[in-house]
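Thanks for coming. I have one structure today, and I will keep to a few local features.

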Amino acid sequence: MKPSITFLAILAATQGITAVKVPQNVRDFYKRVKVGRCEGSDKLKGGFFDRDGKNEKAQWSYCQKSVAGQAIFLHGPNTFANMDIDCDGDLSDPGDGRCGSSEDTQGQTAFVDQVRKVSKNKIKDLNANIHPYVVFGNDREDGGPTFSPQKYGVKPLSVMAVVCGEKLIYGIWADTNGDDGPPVVGEASISFATACYGTKAINGNSGHDESDVLYVAFTGEDALPGPRTKWDAKDFKEFEDSIEEVGNRLIKRLK
């Protein structure tokens with residue numbers, strides 16, 4: 001069978017990815033805020049699970065420790081979060097097929113209308129095989145805990161920074177956790193996870209289990225991608241490169 005264009009793009013982009021040195025200020029932030037718990041006014045909302053809720057307590061939270069008003073990150077007791085896999089969005093090209101094992105794929109992301117607007121209809125939605133996006137925030141109608149990053153100034157499709165696998169990678173906030181299971185946190189698109197951990201370790205139903213991934217969302221209009229953003233990028237690297245300048249500016253807030 002002839003390989004799809006997206007498959008070749010993923011392969012080429014993955015082969016071109018090297019471990020990006022995490023800036024010292026981000027390393028210091030990672031080590032400092034990881035210790036202990038997120039409590040008091042630092043904890044914006046708690047009561048979430050990192051995995052499936054079966055073998056752990058709901059001790060994960062949305063936290064603003066040391067970055068109040070500037071950023072929000074996921075935090076657990078002396079830890080951060082894992083990385084589950086999201087394959088939602090434009091499904092017209094299945095990529096290399098790894099999303100085929102996903103059991104909860106949906107045909108659109110949470111901000112599909114905004115995607116069409118900012119891309120000037122160049123794309124109909126994000127493609128999880130191309131766009132590095134993060135699932136952040138929790139929407140539920142069953143009485144479980146919810147959290148809206150927008151309430152605290154985080155804009156849809158804004159740039160996020162993620163420390164994973166000894167790398168710093170930029171993506172965008174593009175989806176939210178629903179009520180199709182326990183109230184969990186820690187999830188990103190398959191292209192994001194692949195950049196972190198490679199193709200062999202990642203598929204639609206298998207992510208990164210260790211709770212050592214730091215997800216950081218930033219507040220304000222200046223966290224939105226700029227006019228040079230390649231919404232119609234053909235591979236991960238092309239898109240991430242187009243938001244790198246914004247990301248590099250935002251991580252200076254992590255002190």
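I will go through a strand, a helix and a loop, after a word on conventions.

This is a predicted model, in which local features need pLDDT of at least 70, side-chain atom pairs count only at pLDDT 80 or more, and totals for chains, interfaces and linings use all residues. Residues are numbered from 1 along each chain as its sequence is written, and side-chain values use heavy atoms, with hydrogens and water left out. Helices (H or I, at least four residues) and strands (E, at least two) are DSSP runs, numbered from the N terminus. Buried means under 20% relative accessible area, exposed over 50%, and partly exposed in between, with a 1.4 Å probe and protein chains only.

Start with strand 3, residues 71–75. Five of its five residues are buried, so strand 3 is largely enclosed by the rest of the structure. Ala-71, Phe-73 and His-75 point one way, while Ile-72 and Leu-74 point the other way. In a regular strand, side chains alternate between the two faces of the sheet.

What does strand 3 pair with, given that pairing takes at least two DSSP bridges between two strands? Strand 2, residues 60–63, runs antiparallel to strand 3 and is joined to it by three bridges, with Ser-61 partnered by His-75. Strand 9, residues 208–218, also pairs with strand 3 in the antiparallel sense over three bridges, and there Ile-72 stands opposite Ala-217.

Next, helix 4, residues 190–197: seven of its eight residues are buried, among them Phe-192 and Cys-196. Just after helix 4, Gly-198 has a positive phi of about 90 degrees.

Last, the loop between helix 3 and strand 5, where Lys-120 is found. Its phi is near 55 degrees, positive in a residue other than glycine, and Lys-120 counts as exposed at 69% relative accessibility.

Notes. Two strands pair if DSSP finds at least two bridges between them.
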